[in-house]
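Dear colleague,

Please find below the structure that I am handing over to you. My notes on what was found in it follow directly after.

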Amino acid sequence: MPRSIQEFLPEADYSVEGGANLFLASGGVMKSRTFAYKHAGTDEELAASSNADIFFFEHQLKPGTKLKVQFSTTIRKAKFIPFSVAKTMPMSSKDLPQLLARLSITPTSAAARVVNQTINDCATPSVSGEPELCAASLEQMVDFSLKKLGNDDIQVKSTQVEKVDRAIQEYTIQEGVERFAGSKTVACHAKNFAYPMFICHAAATTRAYSVPLVGANGSKVNAMVACHTNTARWNPKNLAFQMLKVTPGSVPVCHFLPEDHIMWGTSK
């Protein structure tokens, strides 16, 4: 089981009773790097990303390629809430006051804005039209993945970082780049929320790779890469297009998956 899932599993004595206990026991508002394909990249985002290879081309996935990347090992206190609780949580904009009250979150707080944004994201259809689910428990994530992939030889992977290094540095791709899974995958991306929340989508137009890297300081990373083969419906001003200087639908666009994003697939 990938460390990215293990870190979200509750301890044996973990319990949630609702109210403030639910919010605090889950570890507070989670922050994760997200890839917003529906949104236009701002000038500020473009400037902040100018010294890192957040997006790159599929043909670059070969030994010797050098990319500037920021990987950081994340230690989370947040734990999955029980399935019995997750399925009772209201997850629509009209029920936001009820959800905030249940979590004891002040409606005017920064945490409330984070919760509201993720609820809206969960309610918005995917850019590609692929099936999506916002999963707040391990059971929901597993159930969705099995329904989309079937039960045959399921593989689960995530990016594995050897040691903490929050600085952007140059990494070199090593021998051993491998295509992950077959033609069907499910990607689960961690969202910013009051407790662990993943937006999972069946990715029929994504090729996934396992990519070994070595940093300039000698640190090793076994990274997962997602290459999107159909970007025709992405926002034309998305950060990826601005950085790579390409147009929607012209070429596959690739990016590394952060540690708390999870890729499911089959061997066929």
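I begin with helix 7 (residues 138–149), which lies across strand 2, strand 3, strand 7 (185–190), strand 8 (198–203) and strand 12, and runs at about 35° to strand 12. Helices (H or I, at least four residues) and strands (E, at least two) are DSSP runs, numbered from the N terminus. Axes are lines fitted to C-alpha atoms, for helices over the stretch in contact, and angles run from 0 to 180 degrees between N-to-C directions. Contact means heavy atoms within 4.5 Å.

Basis of the values

This is a predicted model, in which local features need pLDDT of at least 70 and side-chain atom pairs count only at pLDDT 80 or more, while totals for chains, interfaces and linings use all residues. Residues are numbered from 1 along each chain as its sequence is written, and side-chain values use heavy atoms, with hydrogens and water left out.

The mean pLDDT of the chain (the predictor's confidence in each residue, from 0 to 100) is 81, and 81% of the residues reach 70 or more. Over residues 12–32, pLDDT stays under 50, and the model has 58 contacts beyond four places in sequence for this stretch.

The sheet

The strands that helix 7 lies across form an open sheet of five, in the order 2-8-7-12-3, with antiparallel pairing. Strand 2 (132–135) and strand 3 (154–157) stand at the edges with a single partner strand each, so one side of each is left without a neighbour in the sheet. From one strand to the next, the twist averages 20°. Two strands are taken to pair if DSSP finds at least two bridges between them. Strand 3 is joined to strand 12 (residues 262–266) by four bridges, and the two run antiparallel. Within this pairing, Val 156 has Trp 264 of strand 12 as its bridge partner.

Thr 185 belongs to strand 7. Is Thr 185 buried or exposed? With 2% relative accessibility, Thr 185 counts as buried; the classes are buried under 20% relative accessible area, exposed over 50%, and partly exposed in between (1.4 Å probe, protein chains only). Leaving aside neighbours within four places in sequence, Thr 185 is in contact with Leu 149, Phe 180, His 201, Ala 202, Ala 203, Thr 206, Met 263, Trp 264 and Gly 265.

The disulfides

How many disulfides does a search of the whole structure find? The search finds three, where a disulfide is a pair of cysteine sulfur atoms within 2.5 Å. With bonded cysteines counted along the chain, their pattern is 1-2, 3-4, 5-6.

- Cys 122 is joined to Cys 134, with an S to S distance of 1.9 Å. The pair links distant parts of the chain, with Cys 122 in helix 6 (residues 110–123) and Cys 134 in strand 2, 12 residues apart. The link is left-handed, with -95° about the S-S bond. Cys 122 is partly exposed at a relative accessible area of 22%, whereas Cys 134 is buried at 17%.
- Cys 188 is joined to Cys 200, S to S 2.1 Å. Cys 188 lies in strand 7 and Cys 200 in strand 8, so the pair ties together parts that are 12 residues apart in sequence. The torsion about the S-S bond is about 115°, so this disulfide is right-handed. Both Cys 188 and Cys 200 are buried.
- Cys 227 is joined to Cys 254, S to S 2.0 Å. This pair links distant parts of the chain, with Cys 227 in strand 10 (residues 220–228) and Cys 254 in strand 11 (residues 253–256), 27 residues apart. The torsion about the S-S bond is about 105°, so the disulfide is right-handed. Both Cys 227 and Cys 254 are buried.

In helix 5 (residues 96–103), the buried residues are Leu 96, Leu 99, Leu 100 and Leu 103. Seen down the helix axis, these residues fall within an arc of 95°, so they line one face of helix 5; the arc is that of the directions from the helix axis to the C-beta atoms. The face turned away from the buried side carries the exposed residues Pro 97 and Ala 101. Ser 104 follows helix 5 and has a positive phi, near 55°.

Ser 50 lies in the loop between helix 3 (43–48) and strand 1 (66–69). At 61% relative accessibility, Ser 50 counts as exposed. Ser 50 and Met 243 are 193 residues apart in sequence, and their C-alpha atoms are 7.8 Å apart in space.

With kind regards
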